[in-house]
Amino acid sequence: MNYADFLRDLLAPLRLYDLSAGIGAAELDAAGGAMDEMFRELLRQEQEACPAAALDYGLTRYEELLPYTPAYLTLDDRRRALIALLRIDDCSFTPADLQNTIAGCGLSAVIRETGTHFTVEVSFPLNRGIPENFPRIRERIEQILPCHLDVQYVFIYSSWQDIESALPTWQELEERVSSWKELEVYLP
């Protein structure tokens with residue numbers, strides 16, 4: 001139901017106006033149209049105010065408030081990274097807090113302690129090989145994590161076992177993969 005119909009239903013019990021024709025109906029249509037437009041704009045404002053649902057200027061405005069802009073590849077990566085950056089606390093040095101913080105890099109990343117003092121490993125489990133735009137992602141990670149930590153990056157490549165299970169013959173392998181680089185990052 002639009003607002004013109006809502007106004008008609010609201011005024012109908014009064015039986016004072018002709019709500020279906022004439023000047024009164026035109027005024028209700030005009031007022032209802034303006035209210036419909038205002039409602040659509042309010043819905044858009046509400047969507048852009050929530051980082052998890054924002055599509056456009058809401059994300060940009062949140063990014064302007066932060067000291068770092070997130071590195072991202074897709075809109076969903078941008079949202080996740082922005083939400084992670086908004087959660088950053090200046091004194092969060094536990095592994096769980098660091099994991100929440102590293103999500104601000106824009107990709108699904110996992111951080112773990114290595115056993116060596118002040119050294120952590122960062123890997124990208126949903127990505128094979130070196131992520132696209134890695135220099136920017138690396139810069140972002142190193143800006144986000146505490147500066148006293150040494151960060152080592154671990155990249156995941158396809159194993160022969162993964163490839164053999166997905167492509168059991170050499171012919172299939174040659175049909176789907178045309179270079180060594182493609183083979184290294186082939187995701188069955």
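A: F118 sits in the loop between strand 1 (110-113) and strand 2 (119-128). Strands here are DSSP runs of E with at least two residues, helices are runs of H or I with at least four, and both are numbered from the N terminus. This is a predicted model, where local features need pLDDT of at least 70, side-chain atom pairs count only at pLDDT 80 or more, and totals for chains, interfaces and linings use all residues. Residues are numbered from 1 along each chain as its sequence is written, and side-chain values use heavy atoms, with hydrogens and water left out.

Q: What about the phi of F118?
A: F118 is not a glycine, yet its phi is positive, about 60 degrees.

Q: Is F118 buried or exposed?
A: F118 is exposed, because its relative accessibility is 56%. Exposed means over 50% relative accessible area, buried under 20%, and partly exposed in between (1.4 Å probe, protein chains only).

Q: Now the helices. At what angle do the axes of helix 1 and helix 2 cross?
A: Helix 1 (residues 3-11) and helix 2 (residues 22-49) have axes that cross at roughly 130 degrees and come within 7 Å. Axes are lines fitted to C-alpha atoms, for helices over the stretch in contact, with angles from 0 to 180 degrees between N-to-C directions.

Q: Which residues in helix 1 meet helix 2?
A: Y3, A4, L7, R8 and L11 do, and their partners in helix 2 include A25, L28 and F39. Contact means heavy atoms within 4.5 Å.

Q: And the largest nonpolar core, which residues touch the most other members?
A: V122, F124, I141 and L145, out of 14 residues. Such a core is a set of buried Ala, Val, Leu, Ile, Met, Phe, Trp, Tyr and Cys residues joined through side-chain atoms within 4.5 Å.
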